[in-house]
Amino acid sequence: MAFKRALLWLSLLIPLSAYIFTLAPGVFWEDSAAFQAAAYELGIVHNPSFPSYILLAHVFTLLPFGTAQWLVNLCSAVCAAFSAFLVFQIALCLLRRKDEPSSPFESCIALAAALGFAFVYGVWIQAIRAEVYSFNLLLVLSIIWLALKYHAEEISESRFAF
């Protein structure tokens, strides 16, 4: 159990430290400047305006260190790191056999899946700049993980999925 918990923390901390180390220091290309300005001033970006991401990034701009641009980039890095954390959890759910204890080998495979996911170029480039894609990835992986957790439980007839 302690080994699995250590790997779980590694699936979050390794990508987060790598993303922070390579984080864009300020404005990046494409829509990054628009997201940074909108998050700082609670403004509106082009359609569809991504209000959830803007609100979350605004909370990051309230932190007492770094520039506002760097803090919005940090928001994307944190979202991507938690996405890798959820990939670890999803992999464990998919590898686990019913009525059998989980093995350390399964935890190592799940960590490899999470780190492989975290260091793919497409995920990495969205994690180091102010973009909505890492936040969207976090939301989608959260839904997948919750669906797997719901499916793994014993579901009685009186229980509804709302």
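User: Contacts between residues at least 6 apart in sequence: what share of them join residues at least 24 apart?
Analyst: In this predicted model, 68% of those contacts in the chain join residues at least 24 apart.

User: How many helices and strands are there?
Analyst: The chain has seven helices and zero strands. Read from the N terminus, the elements go α-α-α-α-α-α-α.

User: And what does the C-alpha trace span?
Analyst: About 50 × 40 × 30 Å along the principal axes of the chain.

User: What percentage of the residues is buried?
Analyst: Of the 162 residues in the chain, 41% are buried.

User: What about the accessible surface, how much is there?
Analyst: The chain has about 9400 Å² of accessible surface. Carbon and sulfur atoms account for 70% of that area.

User: Switching to charges. How many positive and negative ones does the chain have?
Analyst: There are 8 positive and 10 negative charges. Their mean positions lie 9 Å apart.

User: Now glutamate 106. Which helix is that in?
Analyst: Glutamate 106 belongs to helix 5, which covers residues 104–118.

User: Is glutamate 106 buried or exposed?
Analyst: Glutamate 106 counts as buried, because its relative accessibility is 7% and the cut-off for buried is under 20%.

User: Which residues is glutamate 106 in contact with, leaving aside neighbours within four places in sequence?
Analyst: Glutamate 106 is in contact with Leu92, Leu95, Arg96 and Arg97.

Conventions: Residues are numbered from 1 along each chain as its sequence is written. This is a predicted model: local features need pLDDT of at least 70, side-chain atom pairs count only at pLDDT 80 or more; totals for chains, interfaces and linings use all residues. Side-chain values use heavy atoms; hydrogens and water are left out. Helices (H or I, at least four residues) and strands (E, at least two) are DSSP runs, numbered from the N terminus. Buried means under 20% relative accessible area, exposed over 50%, partly exposed in between (1.4 Å probe, protein chains only). Contact means heavy atoms within 4.5 Å. Accessible areas come from the Shrake-Rupley method with a 1.4 Å probe; for residues, only the protein chains shown count as cover. Lys and Arg count as positive and Asp and Glu as negative; His and the chain ends are not counted. The place of a charge is taken as NZ of Lys, CZ of Arg, CG of Asp or CD of Glu.
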